[in-house]
Amino acid sequence: MAERVTPDAGVLSPGREVDIRWSEVLRGVRTLRAGQRVLVHAAAGGVGHLAVQFAKHLGAEVVATARESRHAWLKELGADETVDYSVQRFEDVTGDIDVVLDLIGAQDDTDIRSVSVTRPGGLVISIPGGVSERLAKVAGQAGVRTSPFLVEPDSAALTTIAGLIDSGKVGVEVERTFALEEVAEAHRLGETNRTRGKLVLDLTD
């Protein structure tokens, strides 16, 4: 079972790398049609890098936000466009999005700004804090749908994810593995929101 550190950086045990949050992301994108555009915020993190791969596997055109140092890696994972959020406002350089997977939320109004790049009838999935009243109002006025992120076990989705990982179609990136006595350091690193992929807490000893 994954232990939550931040909305987009988890700690999990070796051998149990299928995080139930990934099943929610897969459920969020599995109705995509080939050619639709998906925007993934915080795409280099533990959940985001899987979201990029799931969306690409389904034939979507993927736009990923992350710092420039992660762009080459994200393109290897399947991102078609990358945006360095630290120097550009994503709404200035992309648009016509069908589904937004927002792993940032209200910070810097990312959720509200995401509505402006989403097509009428499109969907904003707000993951860290759910759908606020403000987001619901702004999205409703723009004709954009919203959905919260509910971490609930989905055995079918988890089985699908395990199959994608086992087949090599999806890869899980682990930035660092920590011993149990290093759990505080794992939390500290996770809270920086600067991780590439997952953080792993080794509970085997």
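**Notebook: looking through a predicted fold**

I started with contacts in the protein chain. Counting those between residues at least 6 apart in sequence, I found that 58% join residues at least 24 apart.

**Whole chain.** I looked up the secondary structure next, and the protein chain has eight helices and ten strands. How much of the chain is buried? Of its 205 residues, 49% count as buried, meaning under 20% relative accessible area. Then I checked the surface: the protein chain exposes about 9,500 Å², and 48% of that comes from carbon and sulfur atoms.

**The sheet.** I went looking for strands that pair up. There's an open sheet of six strands with parallel pairing, and I wrote down its order as E5-E4-E3-E6-E7-E8. Which strands sit at the edges? Those are E5 (81-83) and E8 (145-148), each of which pairs on one side only. A reminder from my reading: strands of a sheet pair through backbone hydrogen bonds, either parallel or antiparallel.

**E3 to E4.** I zoomed in on E3 (residues 37-40), which runs parallel to E4 and is joined to it by four bridges. One partner I noted is Glu61 in E4, which bridges to Arg37. To get from E3 to E4 the chain passes through H2, and this β-α-β crossover is right-handed.

**H2 itself.** Is this helix mostly covered or mostly open? H2 (residues 48-57) is mostly covered, with eight of its ten residues buried. I listed the buried ones: Gly48, His49, Leu50, Ala51, Val52, Gln53, Phe54 and Ala55. After H2 comes Gly59, and I noticed that its phi is positive, near 90°.

**E4 to E5.** Back to the sheet. Why do I call E4 largely enclosed by the rest of the structure? Because four of its five residues are buried. E4 (residues 61-65) runs parallel to E5, and three bridges join the two. I picked out two of the pairs: Thr65 has Val83 in E5 as its bridge partner, while Val63 has Glu81. Here too I followed the chain across: it goes from E4 through H3 (residues 71-77) to E5, in a right-handed β-α-β crossover.

How values were computed: Residues are numbered from 1 along each chain as its sequence is written. This is a predicted model: local features need pLDDT of at least 70, side-chain atom pairs count only at pLDDT 80 or more; totals for chains, interfaces and linings use all residues. Side-chain values use heavy atoms; hydrogens and water are left out. Buried means under 20% relative accessible area, exposed over 50%, partly exposed in between (1.4 Å probe, protein chains only). Contact means heavy atoms within 4.5 Å. Accessible areas come from the Shrake-Rupley method with a 1.4 Å probe; for residues, only the protein chains shown count as cover. Two strands pair if DSSP finds at least two bridges between them. A crossover is right-handed if, with the strands pointing away from the viewer, the path from the first strand over the helix to the second runs clockwise.
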